[in-house]
Structure formats: C-alpha cells, structure tokens
Amino acid sequence: MSVVFQKSKGLTDVKLHYCPGCAHGIVHKLLAECLEEMGELGNSIIAVPVGCAVMANKYFNFDAIQAAHGRAPATATGIKRVQPDKMVITYQGDGDLASIGTCEIVHAAARGEKITTIFINNGIYGMTGGQMAPTTLPGMRATTAQHGRDVHIQGYPIRVSEMLATLDGPAYIERVSVTTPGQVAQAKKAIMKALKVQKEGIGFGFVEVVSSCPTNWGLTPVKAMEFIREKMIPYYPLGVFKDITGEGK
C-alpha cells in the first residue's frame, strides 16, 4: 500500500501539551515539514520562547535553544553570526514578541538579520492566564481588561507585520492563518518562502500566524476558529506586506 501521509521526521513522538483547538500544533507540523523538504533538519536551530511554546524544543527533532522572555531574535542573531550556514529560526507568541520582545524583533528586522521568525498572534497571553496582550482586539476581554480593551485607556493593538514592513531591513513579511485547509496550505507556502529567503542569504523573513486560544478566549475550538475569521482577520488582514525577491509567493 502506498503511503498517503506520514508524520514529518522533524517532529518527535512527544505528546503535545497544547489545549484542544490551539494552532501551535499545526504550525509546528508545517515548520517541520518545510525543513524536512528542504533537507535542512540536520542543519537547523530554533530559538523557542517563554510562553505556551516554551517546551517546543521537546517536539522538534532538530537543535533548539531556550531564549529568555522576548530575547529569541537576539539569541538567534548571535547563533547565525557565529554559524552563518545554519538555518536559524525563532518561534514566538505575541506576549513574547510584541510586548517584552518588541525591542529585539524591531532591531533584528531593521538590521536585516538572516534569520526566520514565526510569530503566533492569538491576541492574548496564553500561558500566564489570559492577560491582555499588545495584540488584543479593541473590546476583547482579558483577565486584565475585564470589560474589554478600551483603546482610550490601553491604546490600540499593534499590527506587527505592518510595523516591521516599514523598515528597510526585512526581506519577506507575510501574515497567514490556519483556520481552513486553504489557509493551512498558504501558511506552509509562506513559511517555506521565509526559510528560502534565509537559505539564499537574502535577509530577514517573518511569518505572522493569526491563531486561536480557545481556553483563554472562553470558546470551543470550533467557535475560536470562527472568531478568528469573523473578528481577528478583519483587524489583522492576511497577505504579503513585503517581498524584496520580486518572485511573489
């Protein structure tokens, strides 16, 4: 019997700890498949964050390093400059990247560091109990915004992809999601493109994934996917925000 599908060699057999409906597992799968298809599993290093993906090193079957909260781009910069032939990836959530790590991601992008960043935007702090994040939508409730985010008090959400696209350093920036089969396929294309931009020495690649957090949103997995499509994506539109290769997606 021919093999129709098999798990990527880039993933271990460790059981995922993520909540039902969380998209981290989907994105882990896509990243592992891309690196395997590129033949780079034995040549890759991932800097994992502080947050829900803090134990991602247990799930990937390639080298990993635990970075301090928000510092994955700085850690990855050091690794890439010492080992320029390695594929170096940071995998970060919105609390890690868009809050405490804003400095690191902005300056890594501005310098055009030849690394790849996968940014999971679920609009909330997941691991620490559902506090408001820099990406929490206006009116969206969180443990630190009981009546919903009030933009007159807490300010507006940060659109990270759009912000980084204003810089001269990045080579490729795209925002995707994974709520439908079509979106999953497009997300894989974006991750593959960002990795190729690094492999070819072109520059900094950034893929933002608009994701779900059913537990802290207080929704079922199905309703969380609907929330992404109906509320998150209108505020965080999908698409390519920068591509200096001129090759499209």
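The legends below describe close-up views of salt bridges and of the sheet in a predicted model. Residues are numbered from 1 along each chain as its sequence is written, and side-chain values use heavy atoms, with hydrogens and water left out. Because the model is predicted, local features need pLDDT of at least 70 and side-chain atom pairs count only at pLDDT 80 or more, whereas totals for chains, interfaces and linings use all residues.

**View 1. A salt bridge joins Asp-13 and Lys-7.** A salt bridge is taken here as a side-chain nitrogen of Lys or Arg within 4 Å of a carboxyl oxygen of Asp or Glu, and a search of the whole structure finds 13 of them. In this pair the closest N and O atoms are 2.4 Å apart. Asp-13 counts as exposed at 74% relative accessibility, while Lys-7 is partly exposed at 41%; buried means under 20% relative accessible area, exposed over 50%, and partly exposed in between, with a 1.4 Å probe and protein chains only.

**View 2. Lys-199 and Glu-40 meet in a salt bridge.** The N to O distance is 3.0 Å. Lys-199 lies in helix α7 (residues 181-199) and Glu-40 in the loop between α1 (24-38) and β1 (44-48), so the pair ties together parts that are 159 residues apart in sequence. Helices (H or I, at least four residues) and strands (E, at least two) are DSSP runs, numbered from the N terminus. Lys-199 is partly exposed, with a relative accessible area of 45%, whereas Glu-40 is buried at 9%.

**View 3. Arg-175 and Glu-208 form a salt bridge between two strands.** Their side chains meet at 3.1 Å, N to O. Arg-175 belongs to strand β5 (residues 170-177) and Glu-208 to strand β6 (residues 204-210), 33 residues apart, and both residues are buried.

**View 4. Seven strands form an open sheet of mixed pairing.** The order is β2-β1-β3-β4-β6-β5-β7, where two strands pair if DSSP finds at least two bridges between them. At the edges stand β2 (63-66) and β7 (239-243), each with a single partner strand, so one side of each is left without a neighbour in the sheet.

**View 5. Strands β1 and β3 run parallel.** They are joined by 4 bridges, with β3 spanning residues 87-93, and Ala-47 stands opposite Thr-90 in β3. Helix α4 (residues 102-111) packs on the sheet, touching β3, β4 (116-121), β5 and β6, with contact meaning heavy atoms within 4.5 Å.

How values were computed. Axes fitted to C-alpha atoms, helices over the stretch in contact; angles between N-to-C directions.
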